[in-house]
Amino acid sequence: MKWVNDLKVRLGYGVTGNNGFGNGYTTRMYKANDMWPTNGIWQPGYGSVRNVNPDLKWEEKSELNFGLDFSLFDDRLWGKFDVYHRKVDDMLYSVNAPMPPMVHDKIMKNIGSLENKGWEFELGGDIVRRKDFRYSSSLRLSHNKSKINNMGDDGFFLDQVTFPSPGNPGTAVRLQNGVEIGQFFVYKYAGLDEDGKWMIYDKNNEIVPAVDGTKSNLVAENKHFVGNAIPKVILSWDHTFRYKNWDLSVFLRSWLDYDVFSQVNMYYGLANDSQLNVLKSAYTRNRNIKDEKILCDYWIDDASFLKIDAVNLGYTLDLKRWTRYIQSAKIYLTIRDVAVFTNYNGINPEVDINGLNPGFEYVNNTASMYPQTTRFTLGVQLTF
């Protein structure tokens, strides 16, 4: 087929381990602790560094992948498509340990299996290919979903992401059998009463006050799995234009249909006597709330965004006729972090979406607390 330049079908399977954790978990190690008086002399005491687990073994990740690569129409159109299925067995994780008999409150264990499915698609081409003008574009899409298959015995769970003081709101993630990664484990917001106090949905989906007199309904059994912190689609779209000695590149990126829990809004978005430095939203969006913060999905927003990552404009000067030492000089202007288009109410919708606890904008993380700055770079690139 003359219109097909390249066509490849791929099938792969493999098993790998995980060395992304510290050493010494199976070896008895000691360190100096406090000083203790012995016969009138202060002596250093020595104790174990961590709880030792002699039964640890390799975490195993097995992956099955099917892919397709293609290039068509005199290499004017190209792309690839991959579908994968990963399974992680004997996951290595630090879990709570009973004290006693153990000395420390954490121990590394192999605690279950995780399943990961997804696809990736890339399509690119020369949209216009002429003597003095060329326009090329490439589009990349990906989708991923992770699920915990097994964490041990039925009923076993791990509560993660402890929110800091003041208020000690609790934890916002629960890992247990059959739960998809990326869900928040919080109270469901059901509105405000006439006094501006929180109303929530209890375990039976009935509307109750968060605090009713001396009775608090803010207990774990009234929490719900809500939201999705992993984007349904991650997208990037690059454009390159060339006209004679000019070139222009525009790089776009987008995460679609995902949620972010903003600790920034939760901790600084309410006007009350205990918090003097607050956001403007405390007197606009949240002005009707006359209560302390609680761990509910009111603070979860759809964070879908479109970002212009970078724009690069350049002009190339041919210097061969002027000097034999320099072949060309390219003058360029690059603008990075140009703009973000989003309805997200926090500072930056681009939070960490990896690992077991994705989707949080933390108050103690300077990467998310400070807005990104737009950077301008003017430069010259020489070819000798």
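Two strands are said to pair if DSSP finds at least two bridges between them. Helices (H or I, at least four residues) and strands (E, at least two) are DSSP runs, numbered from the N terminus. The model shown is predicted, so local features need pLDDT of at least 70 and side-chain atom pairs count only at pLDDT 80 or more, whereas totals for chains, interfaces and linings use all residues. Residues are numbered from 1 along each chain as its sequence is written, and side-chain values use heavy atoms, with hydrogens and water left out.

**Figure 1. An open sheet of three strands.** The strand order is β22-β21-β25, and the pairing is mixed. β22 (300-302) and β25 are the edge strands, each pairing on one side only. Between β21 and β22 the pairing is antiparallel and runs over three bridges. Phenylalanine 261 has isoleucine 300 of β22 as its bridge partner.

**Figure 2. The largest nonpolar core.** A nonpolar core is a set of buried Ala, Val, Leu, Ile, Met, Phe, Trp, Tyr and Cys residues joined through side-chain atoms within 4.5 Å; buried means under 20% relative accessible area, exposed over 50%, and partly exposed in between (1.4 Å probe, protein chains only). This core has 41 residues, of which Phe163 and Phe261 touch the most other members. At least two residues each come from β6 (92-96), β10 (157-162), β11 (171-176), β12 (184-186), β14 (198-201) and α1 (263-268). A second, separate core of eight residues includes Tyr258, Val260, Ala303 and Tyr344.

**Figure 3. Aromatic pairs around phenylalanine 261.** Rings of Phe, Tyr and Trp (its six-membered ring) pair if their centres lie within 6.5 Å; planes under 30 degrees apart count as stacked, over 60 as edge-to-face and the rest as tilted. The structure holds 19 aromatic pairs. One of them joins phenylalanine 163 and phenylalanine 261 edge-to-face, at 5.2 Å centre to centre and with 80 degrees between the planes. Phenylalanine 163 lies in the loop between β10 and β11 and phenylalanine 261 in strand β21 (residues 259-262), so this pair ties together parts that are 98 residues apart in sequence. Phenylalanine 163 is buried, at a relative accessible area of 2%, and phenylalanine 261 is buried at 0%. Phenylalanine 261 also forms a tilted pair with phenylalanine 360, at 5.9 Å centre to centre and 35 degrees between the planes. Because phenylalanine 360 lies in strand β25 (residues 360-361) and phenylalanine 261 in strand β21, the pair ties together parts that are 99 residues apart in sequence. Ring pairs link Phe163, Phe184, Phe261, Tyr267, Phe360 and Tyr362 into a cluster.

**Figure 4. Aspartate 337 in strand β24 (residues 328-342)****.** Aspartate 337 is buried, with a relative accessible area of 16%. Its side chain is joined to that of arginine 375 by a polar contact of 3.4 Å (a pair of N or O atoms within 3.5 Å; within protein, one must be able to donate a hydrogen and the other to accept it, and residues adjacent in sequence count only if both atoms are side-chain atoms).

**Figure 5. Valine 380 in strand β26 (residues 375-383)****.** Valine 380 is exposed, with a relative accessible area of 53%. Beyond its neighbours within four places in sequence, valine 380 is in contact (heavy atoms within 4.5 Å) with Ala329, Lys330, Ile331 and Tyr332. Valine 380 and tyrosine 332 are 48 residues apart in sequence, and their C-alpha atoms are 6.2 Å apart in space.
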